[in-house]
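Visitor: Hi, I'm new to this one. Can you walk me through how its parts meet?
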Amino acid sequence: RADIKMQYKQLSVWNLKLSDAGIYTCEYSTHKVHTSLHILKLTISLDGHFLQNEVPELILIQNSSSPLPDLSITLFDSNNNRVTPELQIKSRQKYIVNLKKLEAMDSGTWVCQVHSDSPLINQNISFAVKVLGFQNPDLERKYATVDSTVILSWRLNSQKIKWKEGFTGQLNWKQQDSAKSHELLDFNVTAQGQLHETKKSNNLLFEIPESKPESTIQVKLPKVHFNHSGQYQCQLEYQGRHAQSKIELVVMKVSANPAGPLSRGANMTLTCQVSGPLPPNAYLLWERVNGTKTDIKHSKQREVKLEVNISAAGLWSCHLMEDSDKKISFHYHVEEASVWINYVIIGASIGGSLLAFALGCLCIISGISWQRRRKRAKRMAQARQHLLENKTCQCQQ
């Protein structure tokens, strides 16, 4: 591992080891020159290949023939931002540094800056960090209305960091934290670094889009149902370790009671409901398009159901708001009943009233007649009884 270049009086040593540290002497004729070689060795856990949210560990070891100096270590990430270690353990020979949890954007070349005043050391040691993970937010929330089409996407950074080593993953769905989990699809990376997906469930109405960006996992719900809401979690697995990203799908629906056109003078109840849960700054809002302020109604924060009683037809809209931002809207058109329908309803009401009046009169007349027949029958019975009593008396005489 060494070579001497006599022309330049140089000694070249490659593949340095910690044991190579020491004092090197060059003798030429009666001249002697001494050089002290100080060796630093930096290692990173998992060979620099991490999943999202894993914590890297750096170990710096030094060796020298002289007493080991006290080193100061400064770290810079791939964006040249200074990184503060979460934990640092040091002795004169070994320094152990634990960093923060990694994110996908932390991939790149990092620098460990080593400094000492005596002996003077200013050494920058670069090392590669690859973080396989999702470019989605930590917790993404997506909104959809009933019967609409929604595509849920998870963007991996495997192509960006040229990660071609084998990893696998799966996409699961469950409506609540405690509910049963449904496996939607499996995926793995091919030898060329491309994702290959396999649909696992045939019971749910979802599709795998054919055309999509590279290193992207997607599921398509062509017609969203209210019970399609819940947590969709995409999970990566690499060498027995896992990383995951979750999308919360919130579905909105609107119903009317009674259903159908709104008659003049009648009322209708519109109900707007979301599958929830909602963040603390979210609420529901009903309004009539081109209506007045009296047609606006707000829910309390985090309420997942809002009813409004209306007497005016037109286009009504339910909005899901986060602060002042409209996240999703459901438009419901309330039709006004036709004039002939109103006449039919009025006629039916009048006819019903007349019929009820006629039935009432008939009942009264029938009752009076029944009372008269009953009194007449009673008088006749009394007369017959009286007649029989008189005849009996005559016979006795």
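This is a predicted model: local features need pLDDT of at least 70, side-chain atom pairs count only at pLDDT 80 or more; totals for chains, interfaces and linings use all residues.

Visitor: Okay, which domains does the assignment give for the protein chain?
Guide: The protein chain is assigned domain 1 (22–132), domain 2 (139–251) and domain 3 (258–334).

Visitor: What separates the centres of domain 1 and domain 2?
Guide: Taken over C-alpha atoms, the centres of domain 1 and domain 2 are 39 Å apart. As for the contact, domain 1 puts in 11 residues and domain 2 puts in 12 residues.

Visitor: How much area is buried between domain 1 and domain 2?
Guide: About 1,000 Å², and carbon and sulfur atoms give 65% of that.

Visitor: And which residues in domain 1 lose the most area to domain 2?
Guide: Those are His 49, Leu 51 and Leu 132, which together make up 59% of what the domain 1 side buries.

Visitor: Switching topic: how many salt bridges cross the interface of domain 1 and domain 2?
Guide: The rule finds 1 salt bridge there. Elsewhere on the list of side-chain pairs, Arg 241 and Glu 54 meet in a salt bridge at 2.8 Å, N to O. For polar contact, the count between domain 1 and domain 2 is 4 residue pairs.

Visitor: Which elements give two or more residues to the side of domain 1 that touches domain 2?
Guide: Strand E6 (49–51) and strand E13 (121–132) do. By class, that side of domain 1 has 6 nonpolar, 3 polar and 2 charged residues.

Definitions and conventions: Residues are numbered from 1 along each chain as its sequence is written. Side-chain values use heavy atoms; hydrogens and water are left out. Domain bounds come from an automatic or database domain assignment. Contact means heavy atoms within 4.5 Å. Buried area is the accessible area (1.4 Å probe) that two parts lose on being put together, summed over both. A salt bridge is a side-chain nitrogen of Lys or Arg within 4 Å of a carboxyl oxygen of Asp or Glu. A polar contact is a pair of N or O atoms within 3.5 Å; within protein, one must be able to donate a hydrogen and the other to accept it, and residues adjacent in sequence count only if both atoms are side-chain atoms. Helices (H or I, at least four residues) and strands (E, at least two) are DSSP runs, numbered from the N terminus. Ala, Val, Leu, Ile, Met, Phe, Trp, Tyr, Cys and Pro count as nonpolar, Asp, Glu, Lys and Arg as charged, and the others, Gly among them, as polar.
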